[in-house]
Structure formats: structure tokens, C-alpha cells
Amino acid sequence: YAGPVDGRVDPKVSAQHVSAQAVHLASDNGDVSASSVAVTKLFAHSGYGSVTAQQVHAPTVALTSDNGDVTVRSLRATSISADSGYGAGTLDNVAAPVVVAHDVNGSVTVSAVSSRTLQLTTGYGPVSLSGVRTTNLLVRSDSGDIRADLSSAPENASLSSGYGKADLAVPTGRYSVSATSGYGLATITGLTVDPHATRLLSVHSDNGDVAVTGS
């Protein structure tokens with residue numbers, strides 16, 4: 001395909017083995033999926049179904065579901081955004097300079113992600129990160145637990161939870177660390193804490209326990 005591909009068919013929409021300038025996929029009530037796609041831009045949206053993208057190469061990827069899960073796997077891009085209203089968000093084996101995921105009421109699970117900037121927010125679900133390499137990390141959850149296990153030392157990492165626990169594990173080293181909790185315990189172990197260090201870690205919970213660990 002040389003030009004744009006636009007799919008707006010209910011209940012399910014899918015694109016496989018497509019090469020094009022842009023791919024637009026949308027469904028009001030069904031699932032939307034893209035696999036083995038090489039494009040300039042990929043936009044996929046579902047009202048009440050899931051949205052899945054895997055084995056995609058595209059500079060720009062934007063995935064949204066009002067009520068279903070959003071899943072991103074084996075994807076390379078320049079910018080990735082994944083948003084869900086009431087479903088779960090999953091990012092696995094993803095690489096992009098900028099990765100942004102937002103979930104209003106579901107969980108966010110991130111594994112084997114490499115990025116310069118990784119920004120994750122959720123309203124009422126937990127956030128879990130493992131095997132992540134990022135320079136700048138921002139994680140916010142209004143009510144859920146946060147667990148972030150980074151495989152490389154970040155320049156800046158900020159975790160904040162309203163009513164859940166907030167745990168951050170980073171490679172051991174020298175960091176400037178702020179670990180605070182309104183009504184829980186705050187602990188720092190396995191790190192050299194130096195207020196003048198260039199690497200900054202900030203972990204906070206209004207009501208839950210906080211832990212910053214070097215490993």
C-alpha cells in the first residue's frame with residue numbers, strides 16, 4: 001500500500017502485513033488490532049473493545065480505548081501513546097524515545113521497555129514496571145500501588161501514589177533521594193544518598209508505605 005489506510009468497520013478492525021504512509025483503525029464497539037505493520041503513523045481507537053499493536057515499526061503510534069484494554073508488544077517507534085478509560089494497559093518489549101501511557105481506572109503493566117522519557121499515570125489501578133531502561137521516569141497513581149524495578153540508573157525518577165504503596169528499585173549507586181509518606185513508613189536501603197548527586201529519585205505516597213532500594 002502506498003497511501004493512507006483507513007478502517008472504520010464494526011465490530012472488529014485489523015491490519016496485518018501493511019506498509020503505508022498512515023494507518024487509521026477505529027471501531028465503536030469491537031476490538032482493533034495491528035500486527036506486522038510498517039508505517040509512518042499508526043492511529044487505533046475503540047469505544048468498547050480492546051486495542052492491540054504488535055510487531056509495529058512507525059515513528060508515531062497512538063492507541064486509545066474508551067473502555068477496553070490497550071496492549072503494545074514488540075514495537076519500535078519515535079513516540080508512543082497508549083490510553084485506556086476502563087481497561088488495563090500493557091507495554092512489553094517496547095522501544096521509543098518517548099513513551100506515554102494513561103489509564104483512568106485500570107492497571108498499567110510495563111516490561112522490557114527502553115526509552116528516554118517514560119510517563120505513566122492511572123487513576124484507580126496499580127502500576128508495575130520491570131526490566132525498564134529509561135532516563136526520565138514519571139509515575140502517578142491516585143489510588144493504586146506502584147512498583148518500579150529499573151534495570152539502568154535513571155537521571156530522574158519520580159513516583160507518587162495517593163492511597164497505595166510506592167516502591168522503586170534501581171541499580172546501586174549514588175543518588176539524591178527524597179522518600180516521603182504522609183501516613184506510612186519510608187525506607188531507603190542499598191544506596192549511597194548524596195544531596196549533591198546528579199541522579200534524582202523522588203518517591204511519595206500520601207497514605208501508603210514508601211521504599212527506595214538499590215540492587
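Trainee: Which backbone nitrogen does the side chain of D194 reach, and at what distance?

Mentor: In this predicted model, D194 sits in the loop between β15 (192–193) and β16 (200–205). A polar contact requires a pair of N or O atoms within 3.5 Å. The side chain of D194 meets that requirement with the backbone nitrogen of H196, at 2.9 Å.

Trainee: Is D194 buried or exposed?

Mentor: The relative accessibility of D194 is 19%. Buried means under 20% relative accessible area. Because its value is 19%, D194 counts as buried.

Trainee: Which residues does D194 touch, not counting those up to four places away in sequence?

Mentor: Contact means heavy atoms within 4.5 Å. With residues up to four places away in sequence left out, D194 touches R174, Y175 and S176.

Trainee: Which strand supplies the largest share of the lining of the largest cavity?

Mentor: The lining includes V70, A82, T90 and H102. At least two lining residues come from each of β5 (70–84), β6 (89–95) and β7 (98–103). The largest share, four residues, belongs to β5.

Trainee: How many residues of that lining are nonpolar, polar and charged?

Mentor: Among the lining residues are L91, S84 and D83. The lining of the largest cavity divides into five nonpolar, four polar and two charged residues.

Notes:
Residues numbered from 1 in each chain as written. Predicted model: local features only at pLDDT ≥ 70, side-chain atom pairs only at ≥ 80, totals over all residues. Heavy atoms only, no water. 1 Å grid on protein atoms, 1.4 Å probe; cavity = no way out; pocket = protein on both sides within 12 Å on 5 of 7 lines; lining within 4 Å. Nonpolar A, V, L, I, M, F, W, Y, C, P; charged D, E, K, R; others polar. Buried < 20%, exposed > 50% of the residue type's maximum accessible area, 1.4 Å probe, protein only. Polar contact = N/O pair within 3.5 Å; in protein donor to acceptor, adjacent residues only side chain to side chain.
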